[in-house]
Amino acid sequence: MNKPAIIVDHVTKQYYLERPQTLKRWFRHIFSPFKKFTVIKDFSLIINKGEFILLVGENGSGKTTLLKLIAGITIPNSGKITTYGKVVPLIEISAGFNNELTGRENILTYATILEIDKKTISKIIPKIIDFSGLDHFIDVPIKRYSTGMVSRLAFSVAIHSHPDILLLDEVFAAGDKKFRKKSIKKLFEFKKRGMTIVLSTHYEESIQFADRNIFLNPVI
Amino acid sequence: MKLYSQLLEVFTIREIKSSYKASLLGILWIILYPLMTTFFLSFLFERIIKITNDDVPYFVFLLSGLIFWNFFQQGVIMAKDSLVWNREVVTKTTFSKEVLPLSLIFSKIPDFFVNLIMLFIFLAIFGFKIKIIFISILLSIIPVLLFAGGIGFVFAITNAIFRDFGKLIEFFLMIFFYATPILYSESIIPKKYLWLAMINPLALIISFVRNLLFHDSIRIDLFIISLAISFIIFLVGIFFFRKFEKKIVDLI
């Protein structure tokens with residue numbers, strides 16, 4: 001029998017359309033509550049352990065929001081989400097990276113955010129550097145990196161953190177073809193070991209390699 | 001728990017590293033800033049306003065208070081922006097976000113130590129004997145950290161929701177600076193207002209330090225009250241922070 005890894009149960013998520021950034025605006029709106037914008041409406045989904053899921057949808061269809069909800073970064077307005085095992089989200093490539101610090105120093109920060117202890121970090125650092133293909137750039141401040149290099153580094157850290165569930169948000173948008181191919185190959189390796197992977201994309205062409213495609217449509 | 005301290009350590013070191021990488025004068029600023037303020041203020045209050053204090057050279061008297069104030073103030077100012085500055089991390093990853101304000105406050109500890117050494121140098125210049133018991137000045141760092149942490153937690157959240165709070169905090173800090181016996185000794189405070197200094201952890205700790213440095217007495221009572229009050233403020237702060245931590249992601 002298949003074991004579930006992620007259960008999304010009738011989840012609805014709304015955002016404030018106008019965020020109350022200053023007190024003045026807040027007072028103006030106090031009698032007329034902010035307009036709310038529904039991103040995900042009464043959505044249910046069960047993903048099994050070891051599945052490779054592709055989330056397909058256009059911009060604004062709620063792909064990122066769904067991943068953030070699964071990761072527990074943000075909480076749903078209604079409904080329930082249950083996950084089994086360690087969840088590692090890679091929502092935005094540069095999250096947690098400090099521009100002034102080098103690639104190596106940033107690996108330490110990012111890996112710590114992903115709850116890896118120091119001993120393990122020093123063990124996996126060579127693997128991370130090797131997979132990222134950054135070479136001598138690893139001791140250069142991140143601000144000198146190209147977008148593709150940053151995303152390669154972030155992806156390398158994320159996959160080496162040994163998650164049970166890996167959530168990837170359009171991570172291959174910035175990397176080149178070669179790295180994309182290498183990454184997908186690596187993802188399949190992990191999948192064989194039982195890792196659950198959810199990858200969001202708006203490319204229809206990449207559909208063939210996933211177990212299942214979930215199509216998201218913007219809520220009207 | 002182990003991971004928590006690793007988070008704190010990594011973020012603190014990250015902050016220390018990145019804040020000095022981009023600055024030219026680096027460590028010099030840590031010394032120059034309190035020194036210039038002390039020179040100016042001691043001229044103003046000793047020569048022009050002619051404040052009276054307890055037979056201690058006003059310059060070192062003031063410096064001993066100011067370095068604690070700077071530590072507290074810089075910690076709070078950094079902490080209030082911690083969530084806004086780290087917006088990316090806050091909205092895109094999951095981890096204990098209270099590490100952010102805390103690590104920024106912790107990153108000011110090295111500056112504080114440099115200032116402490118500077119204070120001792122000036123004490124020596126002014127003819128004070130540096131005694132072994134002065135080492136207990138190190139105790140004072142704990143209440144200041146807790147106090148700045150508690151205040152920093154609350155301000156970090158409010159500032160992330162309403163940017164206006166940033167302005168309010170500056171105002172609060174200015175009032176608090178004058179309300180705390182830094183420029184003056186608490187002995188000149190009228191009796192009916194003295195309780196204000198007795199519930200202010202920073203005032204208590206500065207008093208503890210001045211008693212230690214200038215009267216050779218370890219007023220452990222002042223330290224304990226300060227520690228207790230700042231601990232309560234810290235707990236209130238962390239409670240407030242945890243309550244709003246998840247909601248902040250959609251609002252920041």
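**Reading the calls in a two-chain model**

Modeller: Start with chain A. Of the contacts (heavy atoms within 4.5 Å) between residues at least 6 apart in sequence, 76% join residues at least 24 apart.

Colleague: Where do the numbers and letters come from, and what was counted?

Modeller: This is a predicted model: local features need pLDDT of at least 70, side-chain atom pairs need pLDDT 80 or more, and totals for chains, interfaces and linings use all residues. Residues are numbered from 1 along each chain as its sequence is written, chains are lettered from A and ligands numbered from 1 in the order written, and side-chain values use heavy atoms, leaving out hydrogens and water.

Colleague: What makes up the secondary structure of chain A?

Modeller: Six helices and eight strands. Helices are DSSP runs of H or I with at least four residues, strands are runs of E with at least two, and both are numbered from the N terminus. Along the sequence, the pattern reads β-α-β-β-α-β-β-α-α-α-β-α-β-β.

Colleague: How do you know which strands pair with β1(A)?

Modeller: Pairing takes at least two DSSP bridges between two strands. β1 (residues 4-16) and β2 (residues 36-48) of chain A share nine bridges and run antiparallel. Therefore they pair. Y16(A) has K36(A) as its bridge partner there. β1(A) also has five bridges to β4 (residues 78-83) of chain A, again antiparallel. I6(A) is bridged to T83(A) in β4(A).

Colleague: Why is α5(A) called largely enclosed?

Modeller: Twelve of its 13 residues are buried, so the rest of the structure largely encloses α5(A). Buried means under 20% relative accessible area, exposed over 50%, and partly exposed in between (1.4 Å probe, protein chains only). The buried residues of α5(A) include M149(A), R152(A), L153(A) and F155(A). They pack against β5 (87-90), α3, α4, β6 (165-169) and α6 (177-192) of chain A.

Colleague: What makes the nonpolar surface patch on chain B?

Modeller: I133(B), L139(B), I142(B), I218(B), I220(B) and I224(B), with an area of about 470 Å². Accessible areas are Shrake-Rupley values (1.4 Å probe; for residues, only the protein chains shown count as cover). Patch residues need over 30% relative accessible area and no salt bridge; like charges are joined within 9 Å, and nonpolar side chains (Val, Leu, Ile, Met, Phe, Trp, Tyr) within 5 Å. I142(B) lies in α8(B). I142(B) is at 38%, so it clears the 30% cut-off.

Colleague: Why is T91(B) called buried?

Modeller: T91(B) has 4% relative accessibility, so it counts as buried. It lies in helix α5 (residues 87-92) of chain B. Beyond its neighbours within four places in sequence, T91(B) is in contact with K68(A), I73(A), V249(B) and I252(B).

Colleague: What makes R104(A) and D139(A) a salt bridge?

Modeller: The definition asks for a side-chain nitrogen of Lys or Arg within 4 Å of a carboxyl oxygen of Asp or Glu. In R104(A) and D139(A), the closest N and O atoms are 2.9 Å apart, so the pair qualifies. R104(A) is in α3 (residues 103-113) and D139(A) in the loop between α4 (118-132) and α5 (147-159) of chain A, so the bridge ties together parts 35 residues apart in sequence. R104(A) is partly exposed at 35%. D139(A) is partly exposed at 45%.

Colleague: Which partner does E105(A) meet in a salt bridge?

Modeller: K17(B), at 2.9 Å from N to O. This pair crosses between chains, from α3 of chain A to α1 (residues 2-21) of chain B. E105(A) has 18% relative accessible area and is therefore buried. K17(B), at 36%, is partly exposed.

Colleague: Are K80(B) and D81(B) buried or exposed?

Modeller: Their side chains form a salt bridge at 3.3 Å, N to O. Both K80(B) and D81(B) are buried. Elsewhere, salt bridges with shared partners join K186(A), E189(A) and R193(A) into one network.

Colleague: How many salt bridges does the structure hold?

Modeller: Over all chains, 13.
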